[in-house]
Amino acid sequence: MATQISQSTLKEKSQLLTPLNTQNLLDSVDAFLFDCDGVIWKGDSLIDGVSDTLDFLRSMGKKLVFVTNNSTKSRRQYAKKFHSVGISVSEDEIFSSSFAAAMYLKVNKFPKEKKVSLLEENVSLSSKLHTLNEEAMAAKPQVYVIGEEGILEELELAGFTPLGGPVGAVVVGLDQYINFYKLQYGTLCIRENPGCLFIATNRDAVGNLTDLQEWPGAGCMVGAICGTTQKDPIVVGKPSTFLMDFLLEKFNIPTSKMCMVGDRLDTDILFGQNSGCRTLLVFSGVTKESDLQDPSNQIHPEYMTTTLSDILHLANNKF
Amino acid sequence: MLTIKLSAAAVCSSSSTHFPNSHSRLRFNKRIPFLSNPSLFNPLRSIAECSSFSAKKNSAKTMDYSASSRIVAAAEQLKDPDQLIDSVETFIFDCDGVIWKGDKLIDGVPETLDMLRSKGKRLVFVTNNSTKSRKQYGKKFETLGLNVSEEEIFASSFAAAAYLKSIEFPKDKKVYVVGEEGILKELDLAGFQYIGGPEDGDKKIELKPGFLMEHDEDVGAVVVGFDRYFNYYKIQYATLCIRENPGCLFIATNRDAVTHLTDAQEWAGGGSMVGAVRGSTQREPHVVGKPSTFMMDYLAKEFNISKSQICMVGDRLDTDILFGQNGGCKTLLVLSGVTSLPMLQSPDNTIQPDFYTNKISDFLSLKAAAV
């Protein structure tokens, strides 16, 4: 499965991993940050050698953190996914963009929901209206989500429940159930509710959502809302360094002693560089060597290699 | 931008004109309303509540779609319509917000058009709305009691087909359509093979192991326009064609942010579908509708008219007026559609038409006042 990487890629910018520089990397880095899609797994299939490599890194005392832009799951759901592919990871080692969206609202003190009584089927229409009107006027802003379960769960966990109240923020992430209704609803909120926030979990164009091919990512849903509102969103996932603050708080390690491992230049590697981390690009996901070498590409990771398990093989000097 | 301020009472008495072809029963769920068959309403809002959560947190900035940022003379309010009318041979009218709103004719339109015709002016109708074909628009004009022929109508659906014709798009290649009937009909008339359209709105995908979505390798162009049946299947199909079929074109009928599908409110426009496909392909589309001058060049050639003899009348600055300016025509903004006077006069606005007025029937009423 390993493809030959041509020697011509040994340019001034990105270095191919070798036994020597792998050892240097392992000696100088205390924490490894991994993207998930295209690095750990592809769809639901674990990439070869990942499990052993992670075990090896843990045995060397390295901290492992998983930073994913895929907002379809919550941290808890990701922990379950890891478990299902035989890797032991705890929830608080996972930093998903779904979590990032909830944290952004928390950190910026978005008002928490006051519960509003909801309309029940058998109450009369006029009394329903009266209750709703009164309570809606008093209720704090709510969050409208164009996205999947992951975002909803993280918002609930952070105390933002989607009940009543005027919409004060629209969070947009990957949504395979996207439709015109959602586009319109999100558009109305952003265009017409004064001060309504437009938050994007991420803007990835495509991703390996299944093992066999790439699928449109959140960049698509966000692009749609940009198209109707003519506004730029606040991006909370990679390459924004927003999540880095949470990592720093948790691990208390300087970013220069962290290495970001990812398959995408404009999110993973840029995130790593913007935060001052070491960076390693793997070719097991969406980026091919030719993309890296393309003259229009401005992003050059420190290191590159075929796949994550190369770290293990090179450390044991198996090449 | 015209909005409806809905009170709770109005919300509950929502009629079916709020969303075409939907049921109008209101439902309040315990969850976020991912309803497939909703009636749409403005979320109840309290201005005080929303703005108390600091507006400065909203770092959203308005993207500038204007052609240039040079200092231009402010638009003049139209005072002497005769002078304008006498100075041009042809009037190009946008439709939504100028002639009609949804299915309702704007006041005074029939008389105004008759007056212009009686003065020997050529009338042309250029709309970015790709949901209908020229023929279907002809019918709409007829239903509203207006005397307009198919040949005078240029919809962006027609523009897409005309564009493919102009580049000699091979007849043995296919077109994948993210859009509605209008585009399909025009492609058909022009003799192009297409797949996709509204029926793909029912197609579902399941992201599971081993599932591979196939796509037709003969698709040589993807045309994206307004599509109320938009879904993930279509986005993926379009994305696969554009990314994987060598030389596949990415054509957009238009990029309007919002559109007046109904008279009551604005609706997410073609700009959203195009934005979505742009997001996943990271490619810029070739736009055939306003403000691109493709349709202007086409009709100038078709009718053998000089652009300086044209006045473009529209309600939208970044499509209609920019279209007119890019084409070298005179431009008249009407305030009967999406643009308000404050928007025109806002310091953020860099597009200044030559003139502005409330609605096209001012051609008649201002004349009457002057007499």
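Q: Is Asp35(A) buried or exposed?
A: In this predicted model, Asp35(A) counts as buried, because its relative accessibility is 6% and the cut-off for buried is under 20%.

Q: Where in the chain is Asp35(A) found?
A: Asp35(A) sits in the loop between strand E2 (31–34) and strand E3 (41–42) of chain A.

Q: And which residues does Asp35(A) touch?
A: Leaving out residues up to four places away in sequence, the list includes Ile40(A), Val67(A), Thr68(A), Lys238(A) and Asp263(A). With Lys238(A) there is also a polar contact, side chain to side chain, at 3.0 Å.

Q: What does UniProt list for "binding site"?
A: The UniProt entry, which is unreviewed, lists Asp35(A), Asp37(A) and Asp263(A) under that heading. These residues are spread over 229 residues of sequence, yet they cluster in space, with a largest C-alpha distance of 8.1 Å.

Q: OK, what about Asp37(A): buried or exposed?
A: Asp37(A) is buried, since its relative accessible area is 15% and under 20% counts as buried. The loop between E2 and E3 of chain A is where you will find Asp37(A).

Q: Which residues does Asp37(A) touch?
A: Again not counting residues up to four places away in sequence, Asp37(A) touches Thr68(A), Asn70(A), Asn208(A) and Asp263(A).

Q: New topic, sheets! In what order do the strands of the open sheet of 4 strands in chain A come?
A: The order is E7-E8-E9-E12, and the pairing is parallel. At the edges are strand E7 (142–146) and strand E12 (234–235) of chain A, each pairing on one side only.

Q: What holds strands of a sheet together as pairs?
A: Strands pair through backbone hydrogen bonds, either parallel or antiparallel.

Q: How many bridges are there between E8 and E9 of chain A?
A: There are 4 bridges between strand E8 (residues 167–172) and strand E9 (residues 197–200) of chain A, in the parallel sense. If you want a spot to look at, Ala169(A) stands opposite Leu197(A) in E9(A).

Q: Which strands does helix H4 of chain A lie across?
A: Helix H4 (residues 97–107) of chain A lies across E7, E8, E9 and E12 of chain A, at about 145 degrees to E9(A). Helix H8 (residues 218–229) of chain A lies across E7, E8 and E9, at about 155 degrees to E9(A).

Q: Over to chain B. Which residues of helix H7 are buried there?
A: In helix H7 (residues 181–189) of chain B, they are Gly182(B), Ile183(B), Leu184(B), Glu186(B) and Leu187(B). Those buried residues pack against several elements of chain B, including helix H5 (134–143) and strand E9 (219–224).

Q: What follows H7(B)?
A: Gly191(B) does, with a positive phi near 85 degrees.

Key:
Residues numbered from 1 in each chain as written. Chains lettered and ligands numbered in written order. Predicted model: local features only at pLDDT ≥ 70, side-chain atom pairs only at ≥ 80, totals over all residues. Heavy atoms only, no water. Pairing = 2+ DSSP bridges. Helix = DSSP H or I, 4+ residues; strand = E, 2+ residues; numbered from the N terminus. Contact = heavy atoms within 4.5 Å. Axes fitted to C-alpha atoms, helices over the stretch in contact; angles between N-to-C directions. UniProt positions renumbered as here; feature names shortened; annotations may be inferred. Buried < 20%, exposed > 50% of the residue type's maximum accessible area, 1.4 Å probe, protein only. Polar contact = N/O pair within 3.5 Å; in protein donor to acceptor, adjacent residues only side chain to side chain.
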